[in-house]
Structure formats: structure tokens, C-alpha cells
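Biologist: I am new to this model. Please pick one part, look at it closely, and tell me what it touches.

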Amino acid sequence: MESFRKQLQASTAEPHLALENTRLMQGIACGKVDVDTYRQYLVCQYRLFAPLEVQLRIWVQPDLATTRLVKSTWLLADLQALGCQSGGTFATVPDITSQAHAFGVQYVLEGSMLGLQVIKKSLPPEHPAHHHAGRFIQGNGTDTAHHWKAFLLQLEALPQQERPQATAAALATFGAFQREFEGVTNV
Ligand code: HEM
């Protein structure tokens with residue numbers, strides 16, 4: 001039987017491509033150096049990660065929460081390094097009201113850390129992501145694959161009947177990222 005991860009990957013391939021093709025992500029991925037674009041990117045990520053991590057705290061084991069649900073803190077540190085006082089208001093994100101929803105949302109957040117490793121390599125050496133404002137992009141660094149595999153083990157344990165709910169949550173999360181990223185048009 002096909003793994004649930006493979007099913008999620010197939011179901012979300014189209015929204016993933018759409019996100020990659022937003023002006024903001026194209027600008028970041030092609031190594032755009034200007035600090036303003038980078039700041040807008042971090043703000044978008046913060047507005048999404050922060051409310052999702054707050055909700056996930058109820059569903060993620062406490063020991064994992066302290067190592068996994070930290071990306072909004074990293075984003076805030078990067079934004080402060082760029083002179084911002086705060087990350088801004090929270091975006092509208094899906095409600096997480098079940099373990100299945102939590103897995104669907106985590107699939108998107110954890111998976112997005114994989115692409116960051118690729119993006120980071122495409123940024124020029126002078127980019128602030130390689131210096132004082134790179135905590136988020138650095139992500140889990142060399143532990144990225146290990147984190148991802150540990151998450152996939154949990155994901156595959158999700159009972160068959162709960163998987164459609166997780167898929168719906170993953171798609172809704174991609175939708176929230178799409179709305180947010182599409183809102184940035186001045187790249
Ligand atoms: C220019 C932007 C992006 C690029 C170039 C990119 C690239 C990639 C790449 C190369 C992988 C596969 C990595 C691997 O298997 O080791 C990946 C996986 C993934 N990315 Fe992205 N990504 C981008 C943006 C995003 C964003 C913004 C999100 C969600 C918020 C996202 C969510 C995911 C997910 C969930 C996976 C895991 C798919 C799976 O293998 O099951 N990506 N991305």
C-alpha cells in the first residue's frame with residue numbers, strides 16, 4: 001500500500017508548485033538580495049507560523065513541542081535583526097481541532113523546511129540570511145533529514161480513517177500560505 005506521505009505529496013503537488021511560482025517565492029529563490037523583499041518574506045512566514053504553532057501546542061507532545069514549534073521564535077529573531085519591532089498581526093489560518101488536522105498542518109510546516117535547504121544554497125554570500133538574520137532559513141541544518149524522518153514515522157501511524165481529515169488540513173494550510181504570499185506583489 002502507498003505510504004500516507006506519498007498520498008499527501010501527490011495531493012499537495014499542485015498547491016506546492018503554485019506557491020513556488022508566487023512572485024515572492026520566485027524573488028527569494030532567485031537570490032534577490034534586497035532586504036525589503038526578504039523582510040516581507042519573513043513577515044509572511046511569521047504571520048502564518050505563529051498562529052499555527054500556538055494551536056499545535058495542544059496536539060504535539062510537550063518534549064517535541066520545545067524543539068519543533070520554535071520557528072515563529074526564529075522568525076521573530078530574524079525580523080528583530082532587520083530592525084522590526086514585531087512580526088505583525090496573525091494571518092487567517094485553518095482551525096486545528098483534531099490530531100488529524102495537526103498532522104496535516106505539521107506535514108506542510110515540517111516539509112517546508114526541506115525546501116529551505118535548497119533556497120539557502122541559491123542565496124548569494126552577502127545575503128542577510130547568511131549573516132545576522134538567517135535563523136529561520138538555517139532551519140534544522142544538518143538535522144533536517146533526521147527531523148523529517150522522525151515526523152514521517154508519526155505521520156504513517158495515523159489511522160486510515162483519519163487521513164482524509166489530515167489531507168484536508170494540509171490543503172487548507174497550503175491555501176493559507178498561497179493567500180499570504182500572493183498578497184506580496186511589489187517584488
Ligand atoms: C521557492 C520555494 C520552494 C522551493 C524551491 C521548494 C522546494 C522543495 C523541495 C526541493 C522539496 C523536496 C526536498 C526533499 O525531498 O529533500 C520540497 C518539499 C516540500 N515542500 Fe517545498 N519548496 C518551496 C516552498 C515551499 C513552501 C512555501 C511550502 C509550504 C509552506 C513548502 C512545502 C513543502 C512540503 C510539505 C514538502 C514535502 C513534500 C514531500 O516530500 O512529502 N515548500 N520543497
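Modeller: The radius of gyration is taken over C-alpha atoms, and the globule rule is 2.2 Å times the number of residues to the power 0.38. For 187 residues, a compact globule would have a radius of gyration near 16 Å; the protein chain has 16 Å, so the two agree. This is a predicted model: local features need pLDDT of at least 70, side-chain atom pairs count only at pLDDT 80 or more, and totals for chains, interfaces and linings use all residues. Residues are numbered from 1 along each chain as its sequence is written.

Start with the whole chain. Its C-alpha trace spans about 45 × 35 × 30 Å along the principal axes. The protein chain has 10 helices and zero strands. (Helices are DSSP runs of H or I with at least four residues, strands are E runs of at least two, and both are numbered from the N terminus.) In sequence order the pattern reads α-α-α-α-α-α-α-α-α-α.

Take the ligand first. There are 16 residues around the ligand (C-beta atom, placed from the backbone, within 6 Å). Gln9, Gly111, Ser112, Leu114 and Gly115 come nearest. Helix 7 gives the most to this shell, with eight residues. By class, the shell has nine nonpolar, five polar and two charged residues. (Ala, Val, Leu, Ile, Met, Phe, Trp, Tyr, Cys and Pro count as nonpolar, Asp, Glu, Lys and Arg as charged, and the others, Gly among them, as polar.)

Now its helix partners. Two packed helices are described by the angle between their axes and the distance between the axes. (Axes are lines fitted to C-alpha atoms over the stretch in contact, and angles run from 0 to 180 degrees between N-to-C directions.)

Helix 9, residues 144-156, packs on helix 7 at about 160°, with the axes 10 Å apart. The pair is therefore roughly antiparallel. (Under 35 degrees counts as roughly parallel, over 145 as roughly antiparallel, 65 to 115 as roughly perpendicular, the rest as oblique.) The crossing is left-handed. (In such a crossing the near helix is turned anticlockwise from the far one by less than a right angle; clockwise is right-handed.) From helix 7, Phe103, Gln106, Tyr107, Glu110, Met113, Leu114 and Gln117 take part. They meet Thr144, His147, Trp148, Phe151 and Leu155 of helix 9. (Contact puts C-beta atoms, placed from the backbone, within 7 Å.) This contact holds seven nonpolar, four polar and one charged residue.

Helix 10 is residues 163-182. Helix 7 packs with helix 10 at about 45°, and their axes lie 7 Å apart. The two are therefore oblique. Helix 7 passes helix 10 in a right-handed crossing. On the helix 7 side are Ala100, His101, Phe103, Gly104, Val105, Tyr107 and Val108. Facing them in helix 10 are Gln165, Ala166, Thr167, Ala168, Ala169, Ala170, Thr173 and Phe174. Here the classes are 10 nonpolar, five polar and no charged residues.

One link remains. Helix 10 also meets helix 2: their axes come within 10 Å and cross at roughly 15°. That makes them roughly parallel.

Notes:
Two residues are in contact if their C-beta atoms, placed from the backbone, lie within 7 Å.
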